[in-house]
Amino acid sequence: MIKDQDFLKAKAVYCLDVAKKIGASDASVTIGHSISETVNFRNKNLDESNRSDGLAFSIDTYIGKKKSSISSSNLLNENLDILIEKCYETTKITPEDEFNSLPDKNLLADKLKDLNIYDNTHIDNDKKIHYLKELENIASEDKKIINTESSFTEKKTNFILANTDGFCSGYKTSSFTTSCVAVAKDENSMERDYEYSSKRYLDDIKDPQTLGKLASYQTIRKLSPKKIGSDKLSVIFDKRIAKGMLSAFASAISSSAIARGTSFLKDKINEQIFSNSINIIDKPDIIKGLGSKNFDSEGIKSGTLNLVKEGVLKNYLVDTYNGKKLNLQSNGRSGGTTNLYFENGKQSYDELLKTNSKCIYITETIGHGSNLVTGDYSVGATGFFVEDGEFKYPINEITIAGNFKDMFKNIFLANDLDFEYSTNSPTMMIEGMTVAGK
Amino acid sequence: MSNFFDKSDLARKDAENIVSDTLKNCDDGELYLEDSKSESIVLDDNKIKSSNYSSDLGFGFRAVSEEVVAYSYSNEISKESLKNSAENLQSTLKSIKGTYKSEIPKSNKKFYDDINPIEQKTLNSKLEVLNKVNDYLRKKDGAVKQVTANFLGEHKSIEIIRSGGEAITDIRPLIRFNVSVMLEKNGRKETGVYGIGGRQSYDDYLKNDNWKSVCEEAFRIASVNLESKPAPAGEMKVVLGPGWPAILIHEAIGHGLEGDFNRKKTSAFHNLMGQKVASEGVTIVDDGTIDNRRGSLTIDDEGTPTERTVLIENGILKNFMQDRLNARLMKTRSTGSGRRENYRHVVLPRMRNTMMLSGNQTQDEMIKSVDKGIFAVSFGGGQVDITSGKFVFNCTEAYEIINGKIGSPIKGATLIGDGPSILKEVSMVGNDMMLDPGIGTCGKAGQGVPVGVAQPSILIDKMTVGGTKL
């Protein structure tokens, strides 16, 4: 069973008391508990079962403007005493930093909304096995599929965040995740692809037949790929990777990157960085949202942010420490974005595909080719060659490259947004990227 | 050595009995206990930004029957907790039949000392080095706009208890020291990063003011990149420098030779054993036995002593890297390659220090032989798709080669290639093998483990360079 609020609160209060008693001027503590159970299948048989049950504790102690932190998985009071003492001793010899402080009391979350992010349902391993059997039966129907690996994970978490200014709050979350990775083979190649579904509520996950069919279909269609020549082309990003552009954007507007001067978006507030059809929103209170939260990792209430409005950058993602450096108030984004998304574009998916007589449609990228200091982008890619709106043949062993500053201005979006992840984008087209192949 | 039982109601004898009872009809399994301490001290933006200490204690209990692995972990070492885990394993493995009786080999060799690097250097002296780094770089050149430097230290003590009560232990120190510098000149910003580390004390790496050479190297890379031009796009010849660029070997070849992917036949290499997969003169080993290296281990996380495994010998595929599970199912022996990030994770076959050995050509000869191509000196990360064999890595320092001469530096670009065929495109192997500076972390199935790489300079006849200039 997941530990209840009272147990976690008692631990948090204990830690704060110890810290205060030995001389810390302020302290902030997080106590978390998580249980997850996973069953893995391979080729229609049980492959692995994995149960994890873990407590975690972390504390920041302050002496005026000095700060240090400690974390541990051992929550016995005797161990907590030793660690908090050690943390305090380290704090003493750590130099002062004028920007260190607990978050502004006035910004702390007071009331919690019920965001429907905890489903108390438990699915036992036999039922997980039943789901995975059905899934793999469908996924491996086609003879070209030579291997399937699928998994079902149920995860429950609970936490308390407390500080010496009186903040003490937390809540439970749950997630149910199923996935299937298939490998297909023909005389020319062997390819891998996947499908997955992750939801807060058990009843919302995709049914096993749909998931299995998609995994199989998406893998088989990649067989016998060709390598294309190098060219300037329009590149269409499948939804599952288009969201990566938003993640890069979010990293580049984090107050830490801005304060350190290591972002290509520094000093771009109120400037046009996307075309004027683009709106980007970070909304923490979507019911059942995978990124939904009541407050950030400091306890500050998170409200909806219009990060980009009609192409103009309106907000950075600000926490307390970097906010002070930048003279900005925290907007509750310590720890990053919540439910981040592009608003829908005007065209349909089909219209987007037909915009150019030829383009490439990318379903997967590999490599860590985003440089957020310069904005340079270059990654390996796999996908399809598209002519007159139709998928002609699979392609691989190519790279796509550009610079975010230009790419952002050339983004066009379809109107097919949905909320499968915590960061979501409609299907995306970027014109004028360099494709390197043969 | 940590005593995992002295502060617990769980006596060693109880633990041994629970392990033996649970695993008696299984093919394999063990109780893995771990006590780790780690620290991270970061200087950034002219300040000591954070000083974190972490202490983690727990166990992972594994039962293996045929192909099925049941795993349960907890960070509470107690009788109740271990019994719960045992019940969980038994309920998963409903019909157990196991007979695997492969003893763990014994060895007295150790590849690093039982030290605790965190305690060996005072916090004050670590802070002092970080501040010196910051002052040194900022005084060096007005173009320096940002400096980040950090120490990472770890002390991990593990014990493996097997059915029958056999206990195997190891103490693993690990440190890393990194410097990152950002320069700004004429409106352009570029960063340079360099780091060093391994399984010795901080001062072993920092003696003779060695932190200065780390600063100089980070500064040099950033300066080179300030002058960089857009990288070319398309297929061309690529000369790789020695040392760290061997992450190409790690991504392109290494992962594809891990036992699990080959047992499951999902690796592009699974049916190539004994066949020619590389040019003549190419020999690649995975070695866990080099003293004090980041990827070295006295024993792996199943207790098997590590070894030097020859993967490819003179172009011919010789061995895969194996843990006990995959070795048993493929009817071979463990190569001491079973690793896990920590007690929360199951064991997987992983790399240690992956190295291409020296040939007899020089880097000069390689550069001179290229009419149009690039010379790649340093990389950021890489990634591979095991099944299709396609891999990428990102240059962080590279130059164009024109008519046999090194030209201008070029911007960071991704290089993409095909694992099973790339080594056949190697046409020259240098005589200058070098180990990397001790900074690599390999990710697989959500688990990160420290690894090393090494190679001499090599010439690859054809690779796709992912620049922007057609």
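Which domains does the domain assignment give for chain B? I looked that up and got domain 1 (117-157 + 172-226) and domain 2 (233-466). The bounds come from an automatic or database domain assignment.

Ground rules before I go on. This is a predicted model, where local features need pLDDT of at least 70, side-chain atom pairs count only at pLDDT 80 or more, and totals for chains, interfaces and linings use all residues. Residues are numbered from 1 along each chain as its sequence is written, while chains are lettered from A and ligands numbered from 1 in the order in which they are written.

**Chain B, domains.** I checked the C-alpha centres of domain 1 and domain 2 of chain B, and they lie 26 Å apart. For touching, I counted two residues as in contact if their C-beta atoms, placed from the backbone, lie within 7 Å. That puts 11 residues of domain 1 of chain B against 12 residues of domain 2 of chain B. On the domain 1 side, strand 6 of chain B has the largest share, with four residues. I took strands (E, at least two residues) and helices (H or I, at least four) as DSSP runs, numbered from the N terminus. I also sorted that side of domain 1 by class: four nonpolar, five polar and two charged residues. Here Ala, Val, Leu, Ile, Met, Phe, Trp, Tyr, Cys and Pro count as nonpolar, Asp, Glu, Lys and Arg as charged, and the others, Gly among them, as polar.

**Chain B, strands.** I called two strands paired if DSSP finds at least two bridges between them. Strand 4 (residues 144-161) and strand 5 (residues 167-185) of chain B run antiparallel, joined by 17 bridges. In that pairing I found B:Lys156 opposite B:Arg172. The two strands make a hairpin with five residues between them, and B:Gly164 in the turn has a positive phi of about 100°. Strand 5 of chain B also pairs with strand 6 (residues 188-198), antiparallel over 11 bridges. There B:Glu184 has B:Lys189 as its bridge partner. This hairpin has two residues between the strands, and B:Asn186 takes a positive phi near 45°.

**Chain A, domains.** The assignment gives domain 1 (5-220) and domain 2 (226-438). Their centres, over C-alpha atoms, are separated by 25 Å. I got 21 residues of domain 1 of chain A in contact with 17 residues of domain 2 of chain A. The domain 1 side splits into 12 nonpolar, six polar and three charged residues.

**Chain A, strands.** Strand 1 (residues 26-42) and strand 2 (residues 45-63) of chain A pair antiparallel over 17 bridges, with A:Thr30 bridged to A:Ser58. Strand 2 of chain A also runs antiparallel to strand 3 of chain A, with seven bridges. A:Ile59 sits opposite A:Ile70 in that pair.

**Between the chains.** How many residues does each chain put into the contact? I got 64 from chain B and 59 from chain A. Strand 2 (residues 47-65) of chain B gives the most to the chain B side, 11 residues. That side divides into 19 nonpolar, 29 polar and 16 charged residues.

Strand 2 of chain A runs parallel to strand 3 (residues 68-74) of chain B, with six bridges. In that pair I noted A:Asn50 opposite B:Tyr71.
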